[in-house]
Amino acid sequence: MAEIPDEEFILKTTSACAGCSASLILRYVTKAAGKDTVLVVPACCTSVIQGVYPNTAMNIPVYNVAFASAAAVASGMSEAFRAVGKKTNVICFAGDGGTVDIGIQALSGALERGTDFLYICYDNEAYSNTGMQRSGATPLGASTTTTPLGKKDYKKDLDAIVQAHNPVYMATACSAYPVDLYNKVKKALSIPGPKFMHILAPCPPGWRYPSEKTIEVGKLAVQSGMWVLYERENGKLSISGASKAAMKKRIPVSEYLKVQGRFKTATEEDISVLSEHVENNIKKLEREVEGIC
Amino acid sequence: MLMIGTGNKAVATAVRDAKPTVVAAYPITPQTEVVEETANYVASGELDARYIPVESEHSSMAACIGAAATGIRTFTATSSHGLVYMCEMLHMSAAARLPIVMANANRALGPGWNIGAEHSDSLSMRDTGWLQAYVSTVQEAYDLTLMAFRIAEDENVLLPVMINLDGFLLTHITQSFETVEPGDFIPEINTPHAIDIDNPGGYGTLTPSNEHFKFRRDIERGMRDSVKVIEDAQNDFAKRFGRKYGMYEEYMTGDADVLVISMGTLAKETEVAVDNLRKEGIKAGSVGIRWFRPFPDLKDVVEGREVVIIDRDYSFGYGGILANEVRSKTGCSPFSVIAGLGGQEVTYDDIAGFVKMRAANEEHWFGVDE
Ligand SMILES: Cc1ncc(C[n+]2csc(CCOP(=O)(O)OP(=O)(O)O)c2C)c(N)n1
Ligand code: SF4
Ligand SMILES: [Mg+2]
């Protein structure tokens with residue numbers, strides 16, 4: 001395992017909420033990427049936490065762009081750097097709304113064209129910037145300000161959509177497992193071509209849990225199998241440390257749900273659907289690891 | 001019923017009372033409360049509508065187009081980047097002659113990100129064929145949103161209507177407002193070109209230039225006819241519910257030597273400035289532009305007076321948009337003030353200051369020019 005460097009690229013002056021795991025993710029992503037990096041950030045919480053002009057809490061160039069445009073802007077930027085022989089990392093750092101909803105067309109295009117970049121979706125499962133409306137990534141049963149009775153639709157399977165584009169590398173991660181996250185970013189950036197990471201980012205005000213529980217909630221997500229840590233290199237799946245254990249023995253999904261106020265609206269049926277989904281997903285992944293498809 | 005609420009709440013309440021069948025919307029600051037409140041009205045059953053939580057504004061307007069094409073009433077709301085992201089669909093909804101109603105919370109465009117009030121978003125959509133109104137109180141936000149449905153759906157108009165309210169300065173301020181029982185004030189929607197399975201036709205088919213030309217000419221016919229439709233709706237509204245509106249709002253214009261022309265909340269602020277200026281012996285008056293498209297006839301009110309025009313917007317390479325519209329329509333020589341961009345605070349004292357420093361045909365950037 002590589003040592004995580006001390007150098008910080010996100011300074012202690014952000015305007016993020018206490019316990020914001022999206023900023024924790026950004027911290028480890030930038031540590032792994034290092035100085036020769038440009039972040040492309042569509043409208044999301046990350047546009048706000050950088051602070052107010054003329055100041056910035058970031059120590060690398062951050063290009064803030066329109067909500068739908070991140071992956072397309074990154075395409076242009078990556079081609080431009082490569083055209084003049086520069087290896088600069090181009091990393092999109094986008095929320096779930098900016099990825100699975102309004103930004104999915106640009107993401108699909110950039111992946112398909114083989115763009116040399118890393119697209120990171122930090123997934124707090126709602127539009128947090130505008131005050132917690134549903135997104136396509138909001139899970140079934142969760143209440144948001146536009147699903148006051150709990151969401152009736154399923155979380156969009158972003159990973160399956162991305163996988164269908166055959167990126168050279170794709171991985172999931174979670175803010176509660178920073179070493180795993182760091183290593184995956186390092187590996188992704190060592191490979192040319194389109195790379196993708198989907199990182200679960202628990203959000204205290206949106207998910208409604210006390211901010212000091214932000215790591216615990218991330219761990220419960222993984223321990224319950226609601227979130228599975230894995231990577232795919234050229235399509236080949238390998239399950240990562242913490243999720244290997246969860247594949248064998250899991251805590252009930254309800255343990256994860258009950259610490260979050262947003263699931264108060266979830267019905268018994270929602271909970272059993274979510275549990276069933278976890279079981280099916282894990283069975284599918286196990287079969288794939290064992291080479292049975 | 002007397003209610004207390006924000007401009008956003010007033011819009012959502014008017015939507016509840018106008019009873020659209022389909023609402024498609026996407027959140028964006030500072031309009032989000034409209035999206036959330038209408039979702040609540042649908043969830044609680046107070047509004048019997050289908051609510052489509054789309055994945056972008058291009059899709060919210062597209063969904064409204066699809067819904068309105070079947071001949072039902074539809075509504076959406078947006079702001080700033082959301083509005084300009086819809087641009088293609090704005091042109092298409094107007095040219096398809098669909099009576100969609102939309103509320104727009106006026107907000108600046110990036111970069112850098114700024115969520116303050118500015119009229120650049122809606123004014124850059126000026127030529128899409130949408131009617132545009134600008135409101136300046138919470139009550140007006142309710143009343144105009146309600147009237148918008150009747151105006152848009154009128155057989156002589158059949159064009160979409162955008163109700164604009166200043167971000168934060170109106171969307172987020174709380175005032176009391178009176179709701180109404182619309183009854184038959186808004187007649188049942190009757191879209192003559194709605195999709196009809198028994199009378200199939202091509203919509204938006206490849207159209208040669210001579211026909212294209214006629215369709216465009218008819219949009220302008222609808223715009224011009226809309227003046228009377230707006231006036232009728234506003235007069236009927238006054239008769240039924242007691243609140244009177246015109247194409248523009250005049251305040252102390254009768255004997256005024258100098259007029260201040262503005263839109264949105266600036267127009268209300270200007271009325272206080274007028275009172276104060278009059279105490280100092282300066283005979284000022286205010287004209288608040290309510291309907292920007294169709295543009296009102298201001299010739300008579302401007303005639304023989306000095307004019308100060310405040311723009312919360314700018315057309316780069318040309319000038320203040322409102323100033324130039326008024327200048328070209330009336331031939332006046334206004335003192336053009338650019339103020340309030342990105343939510344910059346503009347007080348009635350500042351406005352009184354503009355009047356005192358007025359100079360015909362000059363342009364002044366408040367807070368930037370000395
Ligand atoms: C075209 C456009 N529509 C809407 C918005 C308003 N908006 C800004 S951020 C945001 C939500 C972002 O959600 P997500 O991508 O999940 O990031 P998060 O805020 O959760 O970090 C919205 C709706 C915008 N800036 N531009
Ligand atoms: S709302 Fe959530 S994601 Fe946004 S800054 Fe706060 S904790 Fe972070
Ligand atoms: Mg989000």
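Ala71(A), Ala72(A) and Ser75(A) of helix H3(A) meet Ala106(A), Leu107(A) and Ala110(A) of helix H5(A). By class, this contact of H3(A) with H5(A) has five nonpolar residues, one polar and no charged. The model is predicted.

**Helix pair in chain A**
- H3 (residues 70-83) and H5 (residues 104-112) of chain A pack at an angle of about 35°.
- The axes of H3(A) and H5(A) are 6 Å apart.

**Helix pair in chain B**
- H7 (residues 138-153) and H8 (residues 209-241) of chain B have axes that come within 10 Å and cross at roughly 130°.
- H7(B) and H8(B) are therefore oblique to each other.
- The crossing of H7(B) past H8(B) is right-handed.
- H7(B) contributes Asp143(B), Leu144(B), Leu146(B), Met147(B), Arg150(B) and Ile151(B) to the contact.
- H8(B) contributes Val229(B), Ile230(B), Asp232(B), Ala233(B), Gln234(B), Asp236(B) and Phe237(B).
- The contact of H7(B) with H8(B) divides into eight nonpolar, one polar and four charged residues.

**Magnesium site in chain A**
- Asp96(A) (OD), Asn124(A) (OD1) and Ala126(A) (O) coordinate the magnesium ion (ligand 3) at 2.0 to 2.1 Å.
- The donor residues follow the spacing D-x27-N-x1-A in sequence.
- Asp96(A) sits in the loop between strand E3 (89-95) and helix H4 (97-101) of chain A, and Asn124(A) in the loop between strand E4 (117-123) and helix H6 (158-163) of chain A, so the pair ties together parts 28 residues apart in sequence.
- Asp96(A) and Asn124(A) are both buried.

Key: Residues numbered from 1 in each chain as written. Chains lettered and ligands numbered in written order. Predicted model: local features only at pLDDT ≥ 70, side-chain atom pairs only at ≥ 80, totals over all residues. Heavy atoms only, no water. Axes fitted to C-alpha atoms, helices over the stretch in contact; angles between N-to-C directions. Helix = DSSP H or I, 4+ residues; strand = E, 2+ residues; numbered from the N terminus. Parallel < 35°, antiparallel > 145°, perpendicular 65-115°, else oblique. Left-handed = near helix turned anticlockwise from the far one by under 90°. Contact = heavy atoms within 4.5 Å. Nonpolar A, V, L, I, M, F, W, Y, C, P; charged D, E, K, R; others polar. Donors = N, O, S within 2.8 Å, 3.2 Å for Na, K, Ca; no water. Buried < 20%, exposed > 50% of the residue type's maximum accessible area, 1.4 Å probe, protein only.
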